[in-house]
Number of protein chains: 2
Amino acid sequence: MLDNLQITTDEYLPLRDVVFNTLRKAILTGDLKPGERLMEIHLADKLGVSRTPIREAIRKLELEGLVVMIPRRGAQVAEITEKSMSDVLEIRRAVDALCAELACERITDEELKRLNSARLDFEKAVEGKDVTVIAQADVSFHNIIVQATGNQRLVQLVENLSEQMYRYRFEYIKDFSGHPAIIKEHAAICEALKKRDKLAAAESCRVHIDNQKKSIIARIRKDSAKH
Amino acid sequence: MLDNLQITTDEYLPLRDVVFNTLRKAILTGDLKPGERLMEIHLADKLGVSRTPIREAIRKLELEGLVVMIPRRGAQVAEITEKSMSDVLEIRRAVDALCAELACERITDEELKRLNSARLDFEKAVEGKDVTVIAQADVSFHNIIVQATGNQRLVQLVENLSEQMYRYRFEYIKDFSGHPAIIKEHAAICEALKKRDKLAAAESCRVHIDNQKKSIIARIRKDSAKH
DNA sequence: ATACAGTATATTGTATACAAAATACATCGT
DNA sequence: ACGATGTATTTTGTATACAATATACTGTAT
């Protein structure tokens, strides 16, 4: 009874945050497509709230880079260009390498164990062919490394950068021919972390991102060729 | 006449952005101190606007990490702890090194010239003793490098990270005994960029940040010892 | 004097109302 | 038929109003 009450108070989220999460998810999954306008009244009606929380959510999406504002014309979903994605990946490459280096210094034995089982989970997920499961296993693996840095702002930064790649992650995962390489890369990262070999860990992460970059950029080119 | 009209339309900024800039500056300069509550009606009265633009500005400050929200209690200026600053600097170290590496590949001869004169401007600024002028010259120097990467998202990231260090930048600059070292570091960075030597450029940047870190962390310890 | 209860006040969260600008559309003239 | 002009509509930008919660205060009982 009291427990239940506690839970409900803990679960309180301002509507603006509910809207923010909803819109973000819609953008990342592609329900809201690049260039699409976000009209306040329309969204308000659709989500059953007033314009106020909608507007506040849009302000956050704006700073996050998921929507762009045009003065007196409102918000629209940010376009993804090859350049913008390449910019993101360029940063991601360095940041992931940093994560690996820091993790070498700070990862605990317990986290190393969890990392290894996350690695094995990923390999198992690859055998099954469910793309969502594979993607989730990949996220879990990398999350352990980022968390092991103990740098909360770094966690947040990686999250934001990952977000930008989200729509293309699936393309990368869908390419089954690339799976053996991913498995090898994960193994290399694991190995380096276990040895606490910063150079090797960082380099493995760079290779890992470089490979992702190849398939993501290829996909974008294919997409833009269509239009 | 028409020109004037053009200017005024160009200069249009929604009130939310005016408020956002105003509050951000107030936080960075320390007019609004860590832990201080941002009360909407109070701010609205003070700035002569309604609560709506205030709230939207706060949403952006929230995502930027300059304020933290407490549900149903509103916003307060984020505290700066040694840990949070150390987290920022850890990222900044890697990101600045990345900037240097990319700049090695992409900086134009014209930008190299401007960089060199910015370096000399800094040396001149150091001779005069105006801290604000010195800080500005330092910013100009580093801006050229970041811009030379041609990566707009990287520019934005560096800006955000710099922001967090802003309040302590002056302490670093104020320490006149450190100036010769800074001058040498700038020269090393310049030199490496001219030679397009990525390793040297990156390493110089790391050293540069490590030195900043020392003085900033020392300052924070001194501050927290007072309280 | 101190702890507590109950009320008043202040503050946030949300919804609505109003103003200004941008867009769409229809009418008119050529 | 085409373009221009003026009006209607839509949409954003801003202000205000209302509701719910948290905080501060006051008085009372111990």
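Predicted model: local features only at pLDDT ≥ 70, side-chain atom pairs only at ≥ 80, totals over all residues.
## Strand β1 and R37(A)

R37(A) is located in strand β1 of chain A; helices (H or I, at least four residues) and strands (E, at least two) are DSSP runs, numbered from the N terminus. Residues are numbered from 1 along each chain as its sequence is written, and chains are lettered from A and ligands numbered from 1 in the order in which they are written.

With a relative accessible area of 36%, R37(A) is partly exposed (buried means under 20% relative accessible area, exposed over 50%, partly exposed in between, with a 1.4 Å probe and protein chains only). Leaving aside residues up to four places away in sequence, R37(A) touches R73(A), A75(A) and Q76(A), contact meaning heavy atoms within 4.5 Å. The side chain of R37(A) reaches the backbone oxygen of R73(A) at 3.1 Å. This is a polar contact, that is, a pair of N or O atoms within 3.5 Å; within protein, one must be able to donate a hydrogen and the other to accept it, and residues adjacent in sequence count only if both atoms are side-chain atoms. V77(A) is 40 residues from R37(A) along the chain, and their C-alpha atoms are separated by 6.5 Å.

## Chain A

Chain A contains 10 helices and three strands. The order from the N terminus is α-α-β-α-α-β-β-α-α-α-α-α-α. Along the principal axes, the C-alpha atoms of chain A fill a box of roughly 60 × 55 × 30 Å. Chain A has 227 residues, of which 47% count as buried. Among contacts in chain A with a separation of 6 or more, 75% are between residues 24 or more positions apart.

E64(A) belongs to helix α4 of chain A. E64(A) is buried, with a relative accessible area of 8%. Not counting residues up to four places away in sequence, E64(A) touches F20(A), R24(A), N160(A), E163(A) and Q164(A) in chain A and L63(B) in chain B.

## The two copies

The same surface serves both copies, as 100% of the contact residues of chain A recur in chain B.

## Helix α2 of chain B

Helix α2 of chain B covers residues 15-29 and has 15 residues. From first to last C-alpha this helix reaches 21 Å, close to the 21 Å expected at 1.5 Å a residue, the expected span being 1.5 Å times one less than the number of residues. Its buried residues are R16(B), D17(B), V19(B), F20(B), L23(B), A26(B), I27(B) and L28(B). Just after α2(B), G30(B) has a positive phi of about 90 degrees.

## DNA strand D

DNA strand D is surrounded by 21 residues, the closest being R51(A), L15(B), S50(B), T52(B) and R73(B); a residue is near a molecule or strand if one of its heavy atoms lies within 4 Å of it. Of the atoms of DNA strand D that come within 4 Å of the protein, 67% are sugar and phosphate. Base nitrogens of DNA strand D lie 2.9 Å from a side-chain N or O atom of R51(A) and 2.6 Å from a side-chain N or O atom of T52(B). A phosphate oxygen of DNA strand D is 3.2 Å from a backbone N or O atom of R72(A).

At least two residues of the surface near DNA strand D come from each of β1 (37-38), α3 (40-47) and α4 (51-64) of chain A, and from each of α2 and α4 (51-64) of chain B. The largest share, three residues, is that of α4(B). The surface near DNA strand D has eight nonpolar, three polar and 10 charged residues, where Ala, Val, Leu, Ile, Met, Phe, Trp, Tyr, Cys and Pro count as nonpolar, Asp, Glu, Lys and Arg as charged, and the others, Gly among them, as polar.

## DNA strand C

Of the 21 residues around DNA strand C, the nearest are L15(A), S50(A), T52(A), R73(A) and R51(B). Phosphate oxygens of DNA strand C lie 2.8 Å from a backbone N or O atom of L15(A), 2.9 Å from a side-chain N or O atom of R73(A) and 3.2 Å from a polar backbone atom of R72(B). Two or more residues of the surface near DNA strand C are given by each of α2 (15-29) and α4 of chain A, and of β1 (37-38), α3 (40-47) and α4 of chain B. The largest share, three residues, comes from α4(A).

How values were computed: Heavy atoms only, no water.
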